[in-house]
Amino acid sequence: MSDKNKYTIKFPLIFDLLFLLSMSNRCCNVTSQHLGSPNSSTGVGSSFIRPVKTRHNVSLLLDKLLDDYNHHLRPDIGGPPTIVDVDIMVRSMGPVSEADMTFSLDCYFRQTWRDTRLAHQQVSKADDQLSLSVSMLDRIWKPDTYFYNGKNSYLHTITTPNKLVRLFPDGRILYSSRLTIKASCPMELRKFPMDVQLCPLSMGSFAYTQSEAIYRWNKDRQIVIAPGMKMSQFDLVSAPVSNYNISFKHGNHSMISVRFHLHRHMGSFLIQVYGPCILLVVLSWVSFWLNREATADRVSLGVTTVLTMTFLGLEARANLPKVTYPTALDHFIFLSFGFIFATIVQFAFVHYFTKYGFGELYFSEMAIDDDVDEQLDNSDEVFPAAPPTPSPVVARKTKQVHPREVFSVESHLRSIKEEETAVVQIQPDERSNPSQRPRRRNQSRTQQWDGKAMNSVSKIDQISRIFFPALFIAINLFYWYTYATPASE
């Protein structure tokens, strides 16, 4: 084939290819305009493309802001101090431990500061802040906040680290995290369990001095308590805040503090300690109504109540720190223990006076009297009238002179002995007239077995029935008025 024919065939093919390319470009332009138009049937307008542009702009913006950004240096270094605004939202509190003198709380800890290096123009009118990833915290500066009286705090990391970062156009940064804080709480337990505790939580910068970083509470909100928050042992009365400076070796540091006012509930202590103590004291008073001859019953009752009170007192202090001063609960336990111990001492006095003949006739003496009567009944000898001769029992009794007669009870003892002598003494007429002996002997036995003689009530018991309850009630009124009255701060 000649060269002329070759060129004749190639040129039409080239024109055809150019025509096809131009038509394809035209179709693409029409399709893109159709999709971008707000009146298109697909309903996807310009907003379908704008997010792509916005995301692209944010990425470019962040790359530009973080370019030449040194996160090791604080904002405005060499200039005015960086101001850090803090606010806390308390989600829950507890437990509060008296033994360790600590308290715990779960909260959202929010910090806000301004970094002029991150100031930028607003990306869109709808969004006045940028939500950043948690990984951005490693690329920007953040304050080194620490809890001055914290003991064991941690950040929640399930399912991811509970952190939030927001960037505002003026360079303000909001950093929020969920923390569980365990801090020390120096407690004053003198009025325990009717006490009000002030548990502080202090925070500030660990490394920056007051000339570099200043901490202050947020003006709009400081401490926010979650609605419906309750504690098992306390009521959260208030949470006042304060700002102060603390001096360290390398300079003064700016600190902020909040004090949680905790008022203790008394319900569990009334049920577990106060109620049983009062019942044990009342139970010990039952011995005042028992016969003073029932030595075993009264001693066993007193020992049982003392041991029970000792166990109750040790159990009540099991969860308390070993402080050097007594608490209000200790005072009440000592008071109850003292009243129970006093009942045992009271019975010792009663038994001591009963043993030496304060109106009682014992069975051994009655047996001697009965033996004398039987001997007189079996004897047929009639004795002539003679002056009154006391029986051996009377002789034995009249020979006994107790040393206590020199005291004020001398006259009382004499009257009792005269009555006993009149009861037991045998008259000569009875011996001469046997028919009168049974009648006299029956009268003597009736007087000896009288209830007032064998089960007589001690005057000490009669006085104790009124004195012990009245004194216990009076001391309780003083106790509850002293400790239950709220004291001014």
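Which residues form one aromatic cluster? In this predicted model, the cluster is made up of Trp285, Phe288, Phe339, Phe467, Phe468 and Phe472.

Two of these residues, Phe339 and Phe468, form an edge-to-face aromatic pair, with 6.3 Å from centre to centre and 75 degrees between the planes. Phe339 belongs to helix H5 (residues 328-355) and Phe468 to helix H12, so this pair links distant parts of the chain, 129 residues apart. Phe339 has a relative accessible area of 6% and Phe468 one of 10%. Both values fall under 20%, and therefore both residues count as buried.

The structure holds 19 aromatic pairs. Another of them joins Tyr274 and Tyr479; this pair is tilted, at 6.4 Å centre to centre with 50 degrees between the planes. Because Tyr274 lies in helix H3 (residues 267-284) and Tyr479 in helix H12 (residues 459-484), the pair ties together parts that are 205 residues apart in sequence. Tyr274 is buried, at 1% relative accessible area, and Tyr479 is buried as well, at 6%.

Aromatic rings also meet charged side chains. Arg172 places its charged end over the ring of Phe168, 4.2 Å from the ring's centre. Over the face of Tyr325 lies Arg190, at 4.1 Å from the ring centre.

On the surface, Val299, Val303, Leu307 and Ile344 make up a nonpolar patch, and their accessible area together is about 320 Å². Helix H4 (residues 295-316) contributes the most to this patch, with three residues. Val299 is in helix H4; its relative accessibility is 40%, so Val299 counts as partly exposed.

How values were computed. Residues are numbered from 1 along each chain as its sequence is written. This is a predicted model: local features need pLDDT of at least 70, side-chain atom pairs count only at pLDDT 80 or more; totals for chains, interfaces and linings use all residues. Side-chain values use heavy atoms; hydrogens and water are left out. Patches are made of residues with over 30% relative accessible area and no salt bridge: like charges are joined within 9 Å, nonpolar side chains (Val, Leu, Ile, Met, Phe, Trp, Tyr) within 5 Å. Accessible areas come from the Shrake-Rupley method with a 1.4 Å probe; for residues, only the protein chains shown count as cover. A salt bridge is a side-chain nitrogen of Lys or Arg within 4 Å of a carboxyl oxygen of Asp or Glu. Helices (H or I, at least four residues) and strands (E, at least two) are DSSP runs, numbered from the N terminus. Buried means under 20% relative accessible area, exposed over 50%, partly exposed in between (1.4 Å probe, protein chains only). Rings of Phe, Tyr and Trp (its six-membered ring) pair if their centres lie within 6.5 Å; planes under 30 degrees apart count as stacked, over 60 as edge-to-face and the rest as tilted. A charge sits over a ring if NZ of Lys or CZ of Arg is within 6 Å of the ring centre and within 35 degrees of the ring normal.
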